[in-house]
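Colleague: Could you walk me through this model and tell me what lies behind the labels you use?
Modeller: Gladly; here it is.

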Amino acid sequence: MSEKHKVIIIGSGPAGLTAALYTARANLKPLVFEGIQPGGQLTITTDVENFPGFPDGIMGPELMDLIRKQAQRFGAETRFNHIDKVDLSKKPFTVTSGKDEFKTDSIIISTGATAKLLGLESESKLMGYGVSACATCDGFFYKNKNVLVVGGGDSAIEEATFLTKFASSVTILHRRDELRASKIMQDRVFNNPKISVEWNTSVLEMIGEPDSGGLTSVRVENTVTGETREIKCDGIFLGIGHKPNSELFKDVLELDKTGYIITRPDSSKTNIEGVFAAGDIKDSVYRQAITASGSGCMAAIDAEKYLETLE
Ligand code: NAP
């Protein structure tokens, strides 16, 4: 027999855990499936300096632990399952994790987003052998080494700045001649003597063998002249943005052309009544912990109102 719940929350970043806090305080006893990255993307960052209430900053994993504890204090249950199937065609909805099935009157989807890769064969071959998409996870391994960062947005700058704590030099490879990153982040690049930028540069190939030292260099192309050359390096970090984790919902929910869940204006409602979305899974623009938390709160209130209509 499968369990029956009022609210199931899929995903445990700031959106999911804030939704858990609010639905728990509404006495709805939410069940949160934390998935393969409990705590979400903030658990692979270090200092969070822009979450209100922490004037000295807070470490990402610690912030997520605090929000989780706060939600649990009011009765939210969290489990480490990964959800591999959802059936939204009939009510109550069914959520499946391996052999376990869960029925629920409402669902809050907060599955977040994942770092994008360039899509090169050599990139996947050398992933973990000099190629990384997470400076905060792997930066430590590059003490006194020369590393590259791909991208020109805030993520790339954040990665590059973080890497200067370990690496002796950090070179940003950007495909255009101006950064997309915010002004304050750009200033960090231009004021940091360890960081330099190679403009109009795109990566063609990553060179090296996983079983003999990993990445040794990268073949790049000048996007203006077409000229190609090799840059020696010990590591390369991808900082080119994120893609929404919406695979599970692609044939059932309305998604935009890049895969983000579409919600009704000023709400968390999806095209299926009783199914709500919050955080990076529905937000390609702001993507902040605080906006994700805010939208988790909205989803909780929307779910609560919806559940009242079922009584
Ligand atoms: P983004 O703003 O979309 O920037 C992605 C960067 O990667 C762009 O410079 C883009 O180049 C480049 N790029 C994308 N695909 C590429 C490819 N295939 N090959 C080479 N380069 C590629 O993504 P983001 O930096 O992750 O930021 C997303 C949002 O999160 C933004 O709103 C940002 O402000 C926010 N954010 C904020 C912080 C913070 O405040 N601490 C930190 C991280 C992210 P082009 O410029 O040529 O398109």
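We will take the labels one at a time, keeping in mind that this is a predicted model.

Colleague: How is the protein divided into domains?
Modeller: Domain 1 takes in 2-114 + 242-310, and domain 2 covers 117-238. Their centres, taken over C-alpha atoms, are 32 Å apart. The bounds come from an automatic or database domain assignment.

Colleague: What makes strand 12 largely enclosed?
Modeller: A residue is called buried when its relative accessible area is under 20%. Four of the five residues of strand 12 (residues 169-173) are buried, so the rest of the structure largely encloses this strand.

Colleague: How do you know that strand 11 and strand 12 pair?
Modeller: Pairing calls for at least two bridges found by DSSP. Strand 11 (residues 146-150) and strand 12 are joined by five bridges and run parallel, so by the definition they pair. Between strand 11 and strand 12 the chain passes through helix 5 (residues 154-163), in a right-handed β-α-β crossover.

Colleague: And which strand does strand 12 join through four bridges?
Modeller: That is strand 13 (residues 195-198), which runs parallel to strand 12. Here Val 170 stands opposite Ile 195 in strand 13. The chain gets from strand 12 to strand 13 through helix 6 (residues 183-190), and this β-α-β crossover is right-handed.

Colleague: Why is that crossover called right-handed?
Modeller: Point the strands away from you: the term applies because the path from the first strand over the helix to the second runs clockwise.

Colleague: What makes one face of helix 6 the buried one?
Modeller: Met 185, Gln 186 and Val 189 are buried in helix 6. Looking down the axis of helix 6, you find its buried residues within an arc of 100 degrees, so they line one face. Their cover includes helix 5, strand 12 and strand 13. On the face turned away from the buried side, helix 6 carries Lys 183 and Ile 184, which are exposed; that word requires over 50% relative accessible area.

Colleague: Why are strand 14 and strand 16 said to stand at the edges?
Modeller: The open sheet of three strands has the order 14-15-16, with antiparallel pairing. Strand 14 (201-209) and strand 16 (228-232) each have a single partner strand, so one side of each lacks a neighbour in the sheet. From one strand to the next, the twist averages 30 degrees.

Definitions and conventions. Residues numbered from 1 in each chain as written. Predicted model: local features only at pLDDT ≥ 70, side-chain atom pairs only at ≥ 80, totals over all residues. Heavy atoms only, no water. Buried < 20%, exposed > 50% of the residue type's maximum accessible area, 1.4 Å probe, protein only. Helix = DSSP H or I, 4+ residues; strand = E, 2+ residues; numbered from the N terminus. Arc of directions from axis to C-beta. Contact = heavy atoms within 4.5 Å. Axes fitted to C-alpha atoms, helices over the stretch in contact; angles between N-to-C directions.
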